[in-house]
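Grab a pencil and work through these exercises with the structure open beside you. Try each task before you read its solution.

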Amino acid sequence: VFHLGRCWSVDPLLSSSYLLQDSRGRPKEIPHNEKLLSLKYESLDYDNIENQLFLEEERRMSFGGFRCLEISRWVVCGLIGFLTGLVACCIDIVVEEMAGLKYKVIKENIVKSTEAGGLSISLILWAVLNCAFVMVGAIMVACFEPIAGGSGIPQIKCYLNGVKIPRVVRLKTLVVKVLGVMCSVVGGLAVGKEGPMIHSGAVIAAGVSQGRSTSLKRDFKMFEYFRRDTEKRDFVSAGAAAGVSAAFGAPVGGVLFSLEEGASFWNQMLTWRIFFASMISTFTLNFFLSIYHHKPGDLSNPGLINFGRFESEIMSYNLYEIPLFIAMGALGGFLGALFNVLNYWLTIFRIRYVHRPFLQVIEAMLVAAVTVAVSFTMIYFSTDCQPLGPEHSEEYPLQLFCADGEYNSMAKIFFNTPERSVRSLFHSQPGTYNPLTLGLFTLTYFLLACWTYGLSVSAGVFIPSLLIGAAWGRLCGIFSFSAAQLGGIVRMTLSLTVIMVEATGNVTYGLPIMLVLMTAKIVGDYFQEGLYDIHIKLQSVPFLHWEAPGTSHWLTAREVMSSPVTCLNRIEKVGTIVDILSDTSTNHNGFPVVVKVSHNNEPAKLCGLILRSQLIVLLKHKVFVELARSRLNQRKLQLKDFRDAYPRFPPIQSIHVSQDERECMMDLTEFMNPTPYTVPLDTSLPRVFKLFRALGLRHLVVADDENRVVGLVTRKDLARYHLGKHGLEELHLAQT
């Protein structure tokens, strides 16, 4: 606990209370659980460690070597785009074939049952098929790879923000994500396959950029220079953008998505490489889909979702309609906030009660069964019959109790994949749906989509949001409501505007869409956070937003730092290092390296910073002073040894150190970062926050005027303060 002007006396992760502000701006302490910010999440080291090994390697590299590295980055981005497009193509083809077969079988059964009576058999068949697909997808997620659940966008946002989410970019995660989203969409849930493509692209990028697979234990000896968090972060940004591009056919929108939603670092060359990956992804998907549709070379399917062509005359608008767009954005923001609030309380319920794999699978199957029952009931009692068009453009028209030459209009949007339903709502002729049909569909699908997001299945929320908004827009006669609904839920502005413009192929509505999305975000933020931010907070992730809280200028580094700090001497005893790393009561990952100035209790002078992962590699290779002097070690440790161990460094428990070796000494001079970032005690909290957010720091040393270590600021210190009283209470509520 601390008071204004005093330092922490204990590690804040073990503290039982935290300083906050009351309504008058005075310090106030509130009790909270010590595990509110989960200890399983650690920071990534986006700051390059410029130790002697790194500088020697950089100095040995010629100008041609640096040029080859730059070419390699472009090659990696091209591979990321190609593989992401290929995965998207496989997902699209499998979903189309399996869903088409399912709807064909069910339709034939419904036709027979309508003539002979006994539609209950059709209902049971529909429910069994959907539940079977959803059960397979839920078992894969709940039992084999839980991190593959949902869209994966919150996890990728955290990764790009600088938080290491366990198993988020593993090969197993990709396999479960791809197979799971196929089962979810074919299983008829209110989900889309576009959102998970962002996570899939990020996993592909993380794997390709390392030139090996730790899951398969295969090392292709490629791209070894990129085996560090800084380079990997840039490629994951490219993978996320390629996923957006493959999903919506929006290369520019993909670049802006990575910039707006994820990346904590950006530069011009990174922009070009990410755009290149996005273009390759779109082209790859387009090319292979043209072959699948027996139209080689016809590049008219740029993304998984194809909204079709919009005529400029139909899409025109007048000046007096702009206030209507703003009002529509406000309504979309309110409905999006309502969606998020309902999903928030539902997620808390799941955290408390539905945390076992068996229960998670049962819940997913229950949602699938309820979705079928609601859909069938709505179709059965619907009296909205429409004449079949001359070209029979409806995918799976159901006649049911309509007259010959007519089909059930409710079935056109319920008895179909969500992507086809969105396209139908956008392009059907006026009068295709009566207001009652649209109103009932919107209400029921809104509740079903809210219930579905957060299940232990791979699923996205983009298409369900667009489908709800498209139904609202069809009811009101306004196209942009689909953007308002989606913007009200996910709170994206610039990137979503460009995605919608690129996906529709029409820039006429660019300004209205932007107005709608900005209004939806402003109104929605007044009531509740965005859906992704809600799930990030409920997962107890130490996520840092773009700016520090506005009321934080009166705080300085001394108020948020951890003190006293566990430090290591420049030449340290091996036994001391092993004991510090083996201490289960702490999980420190960075240690200031100091030089003792005297034998009293005064703070020691800082001379560097070394990470837990570096110490483990040094212990593994027995880099001890005594062994070096006796020439028992055959070679000098190189930067390659650290890269070979990245990213899964072995735990300290797996490294054997004998009793004699514990008495040896270890010289950290060559391996530590001699120039870590430091700040004085009186540095303002917003400035500390900017250093973490912009540079991707993991540790920030607080030093006095004589460069003596007095504290250490970590990401969790800042994240805990950023949450504030309301956020801590929400986490406490969710976890208890």
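**Exercise 1: a lysine in a loop**

Lys-40 has a relative accessibility of 55%, so it counts as exposed. Keep in mind that you're looking at a predicted model.

Task: Find where Lys-40 sits and which residues it is in contact with, leaving aside neighbours within four places in sequence.

Solution: 
1. Check the label first: exposed means over 50% relative accessible area, and Lys-40 has 55%.
2. Now place it: Lys-40 belongs to the loop that runs between β2 (27-31) and β3 (42-43).
3. Skip the neighbours within four places in sequence, and you find Lys-40 in contact with Lys-164 and Pro-166.
4. Take Lys-164: it is 124 residues away from Lys-40 in sequence, yet their C-alpha atoms are 8.9 Å apart.

**Exercise 2: the sides of a helix**

Task: Work out which residues of helix α1 are buried, and what covers them.

Solution: 
1. Go to residues 52-60, which form α1, and pick out the buried ones: Leu-53, Phe-54, Glu-57 and Glu-58.
2. These four span an arc of only 130° around the axis, so they lie on the same side of α1.
3. Finally, look for the cover: the elements over the buried residues of α1 include α2 (63-116) and α24 (639-645).

**Exercise 3: the whole chain**

Task: Say how many helices and strands the chain has, and what share of its residues is buried.

Solution: 
1. Count the elements: 27 helices and 16 strands.
2. Of the 736 residues, 56% are buried.

Methods
Residues are numbered from 1 along each chain as its sequence is written. This is a predicted model: local features need pLDDT of at least 70, side-chain atom pairs count only at pLDDT 80 or more; totals for chains, interfaces and linings use all residues. Side-chain values use heavy atoms; hydrogens and water are left out. Helices (H or I, at least four residues) and strands (E, at least two) are DSSP runs, numbered from the N terminus. Buried means under 20% relative accessible area, exposed over 50%, partly exposed in between (1.4 Å probe, protein chains only). The arc is that of the directions from the helix axis to the C-beta atoms. Contact means heavy atoms within 4.5 Å.
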